[in-house]
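Please look at the sequence and structure first.

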Amino acid sequence: MAEGVDDSVGSDESGRARTHLIEELNDLREYAAKLRDVAASLPPEPVIDEVRDTLVREADKLIALADEPITVGMVGTYSAGKSLLLGLLLGAPDLLPVSDDPTTANVTVLQLRQGREGDPTLITRAALQYLSHDEVSACVATMLDELTSRCASAGMIPETLAALHRMRGLPTADFWREFGSWARTNAWPTRSPSIRLAVRELLRVGGAVLTAPWALGWSKPIGADVFRAALSLPAPVADPTVFPDWFRGTIRDRRQTGEVDASSLRATLPLIRRVVLDIAVPTHIWDLTALCGHNALALLDFPGLGADVSEIRDRGLARRELADVTTIFVLLHGQRVSDAAAMTILDMLDRAPEDIHDSVLVGIGRFDQLPHSISSDLATGPSARLSDSQLTGGVLAAVLSSARQLLGSDRDERIHFHSAMLGIAALDRRFADRGRYSPEFAAERSLAEHIPRALDNGASWSRIVGRLVVDDPGSVLAPALTAYADDGGVRRIRDGVERHVQTHGLRIRRAQLLRQADRLETTQQRLIDALRLHGPRENDETRAQRDVVESLVESVRNSLAHLADRSTLELADPRTVRVNGQAGLTDSVRQLIVGEIFGWPEWSALFAAVRDGVVCARLGDELIFDQEDEEDQPSRLPLSTREFEARFTEAVTLGERFARDRAWTLLAEWARRADVERSALHHRRAEIITPAVQQRLCAQFAGRGYPRYLDRALNLEWLPDTTRKNVEQRMARRAEAGRNDENAADTDDPVGKFPLRRNAGFAWDPGMPEAVRASVVTAVAGHQIRPARLRRELVNGAVDLVISRISAEQAEIAWVVAELLRRSRARLDAPELFVATVIGIEDDHPTDPAADLAAVRHPARGGGG
Ligand SMILES: Nc1nc2c(ncn2[C@@H]2O[C@H](COP(=O)(O)OP(=O)(O)OP(=O)(O)O)[C@@H](O)[C@H]2O)c(=O)[nH]1
Ligand SMILES: [Mg+2]
């Protein structure tokens, strides 16, 4: 924009409620960003530094959280089948390392993008993110706590424990050396397996920190061959009674060459925070359109709980990563469910119970391996009536009890029964020819053996559900069991996740941001108080002047918010909007199109041929109308509906142009009226900004920035043009996107919406082959048309088309107007320099930092855009 005001608005939008939620998220993010800016610009002052730093940290956290993709976390006991299920959801069972031993070593982020129909699922990029120095310190502190408590339970004497306690602090080389010798002399000789495990885990981390300190905080793209190594836990040590000695040598700093090879990867494994994979999922596997509105969608694979090699570290890291996850899919191991496992997971989720119930879906994994007799007994057993409660009290008692601990009551519809083996069988059935996984994978996982067994099990459950739905028509478990028998529950899990993300994802994210914003606000208040106590002060007179100017700014901001809210109501619907008491837009368009279509020359010929409202091609055997005999007829009869098409398009185009002109006129008037309604504000502004003040402002702002924003907010002349530019750009972008999307229907073809059967010949067309004519004529017993009805259909078709197009456009106009007004409003935030200039404060501290800080308001208290 020539004057330096960027008024272009974004192009991303979906349903209203969703848009509204996304706006709220943006407001919260903006609140944090503004606070951060104001706090960061405060002059250094020892008394406030600490609070200020806390504020900046908290604001950064909120911003990072707002920018995170919506996430679905896959957690559960080890070897429950989490990684395999994630692969299956994405149509590629061998996507992630899968094995019978504890496998997944690190949190894996699968960032999803829509791939092309028919393509295989592809990993398009892989990257490692290492823990930062602080994150390692926090992780080591948690591990030391755990070791301390294990040692205390084993009866270690307080003096020895105190020595361990004294070692706290940053995990430097000295720390690790000291810890190593403490563990060798005190912890190892206890022979307690759990203490030895904790020591071994700590030393693994220490070994990595010492051999590759350069890795901390590093982020690095890696090859697709290497990422599997980063995801696979090392094999358990051969002799667990030997004290581990991992502090040997150092690994050369890889940041220069940039290469992470297998050996440096092995050395740094415990320091990896997460592995990030970008994945293109083809539409025939999972159509992500509805999901990827906000930021993106990421699925997180977590290391399983209970794996010995790296349990304490993993649990600590998982707890942190899980804090921000919006949808949590807990996969329980069907053969190993226990209430204790559920409790461990609940503990790891570390949220209020109602939040957990809201965020969780539960899967019972490896369901095909539930003792086989259970399902076959039920399937073939005596024919007593089956019901949900019978299953709940009987064979499914254990799994359902664990699931309900996680879900709370009355949420059984969020339970999924899952078998990866049935899932693979279904994938084979659907895409037999396309090789969805490698032969090595099939051999390693012994699919040839597992799948037939799983299919048997699926078939018995299928018989059971058959009875269940008859015996207990209200059964909540039946859909999950049916889905299980069908494809191992994979599709239902996809749907469940999708529904949860759509209905809860953004809402949960909003709740998270709100909680963080509340924390931030408390810190903000603490900083304001500190500044009031220690910062520069103002006298009463300047305070009063400041109030006057600030209240003007606040009123202008409120008026913009009010107008933004009204815009949808007053600008969006062509059926109701009126310009200056004229007819509504729909009626005006109809009038115009009637005039246009009624003027077509065909009608005079057609109506001239009408008998009793109908044009007949033949009456009995006699042609009542013969084209050749009518050469002096000024306009001839149309021969086919095709002849109406071009003119129909023309009428639609004309109608559209007319409607669009009216829409823009309407907007211009709307903006003018808005300015008139706000004349009181104009007067207040004129009183405050006297010529002398204006001079000061010019000197300070050189005709740009804040004073101009205020003028623009009060005088909306620019609004129609800018809106138009934006709407046109957005339409062009969308058209471009439509062109690039081969699957998009060609909605811009008005003839595509032609209301008549296309290219239908009329029976009097001399070019029509006799056989066709004969069939038409006999079929309809005297081919006939009713011109009046034909004309009405064309008129209605054209009006509907124009209105449907223009409705979309007007909704777009209203949205852009609201967006521009919100931006205008946001530009009026933080007016401290403006206020100082208006009231003429020119000392070293032209502003009151406490007031500046107070001016940034939590969106829930009326701040934000
Ligand atoms: N029969 C059967 N085997 C399964 C099923 N799901 C997974 N498996 C097997 O169970 C083992 C563990 O699967 P993974 O996907 O690695 O399990 P995980 O939960 O990711 O394990 P960790 O990463 O160690 O936490 C593999 O051998 C799979 O082949 C299932 O539904 N049925
Ligand atoms: Mg795994």
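Helix axes are lines fitted to C-alpha atoms over the stretch in contact, and angles run from 0 to 180 degrees between N-to-C directions. Helices (H or I, at least four residues) are DSSP runs, numbered from the N terminus.

This is a predicted model, in which local features need pLDDT of at least 70, side-chain atom pairs count only at pLDDT 80 or more, and totals for chains, interfaces and linings use all residues. Residues are numbered from 1 along each chain as its sequence is written, chains are lettered from A and ligands numbered from 1 in the order in which they are written, and side-chain values use heavy atoms, without hydrogens and water.

**Helix packing**

The axes of helix 4 (residues 133–153) and helix 7 (residues 193–211) lie 9 Å apart, at an angle of about 160°. The two are therefore roughly antiparallel, a term for angles over 145 degrees. Helix 4 and helix 7 cross in a left-handed sense; that is, the near helix is turned anticlockwise from the far one by less than a right angle.

Helix 2 (residues 46–67) packs on helix 20 (residues 490–534) at about 160°, with axes 9 Å apart. Helix 2 is therefore roughly antiparallel to helix 20. Their crossing is left-handed.

**Ligand 1**

Around ligand 1 there are 22 residues, and Lys82, Asp100, Thr103, Thr104 and Ala420 come nearest; a residue counts as near if one of its heavy atoms lies within 4 Å.

| Residue | Atom in the residue | Distance to an oxygen atom of ligand 1 |
|---|---|---|
| Serine 79 | backbone N or O | 2.9 Å |
| Lysine 82 | polar side-chain atom | 2.7 Å |
| Serine 83 | side-chain N or O | 2.9 Å |

Taken alone, ligand 1 exposes 640 Å², of which the protein buries 98% (Shrake-Rupley method, 1.4 Å probe). Helix 3 (82–89) and helix 16 (420–430) are the elements that give two or more residues to the shell. Helix 3 gives the most, with three residues.

Definitions and conventions
Polar contact = N/O pair within 3.5 Å; in protein donor to acceptor, adjacent residues only side chain to side chain. Parallel < 35°, antiparallel > 145°, perpendicular 65-115°, else oblique.
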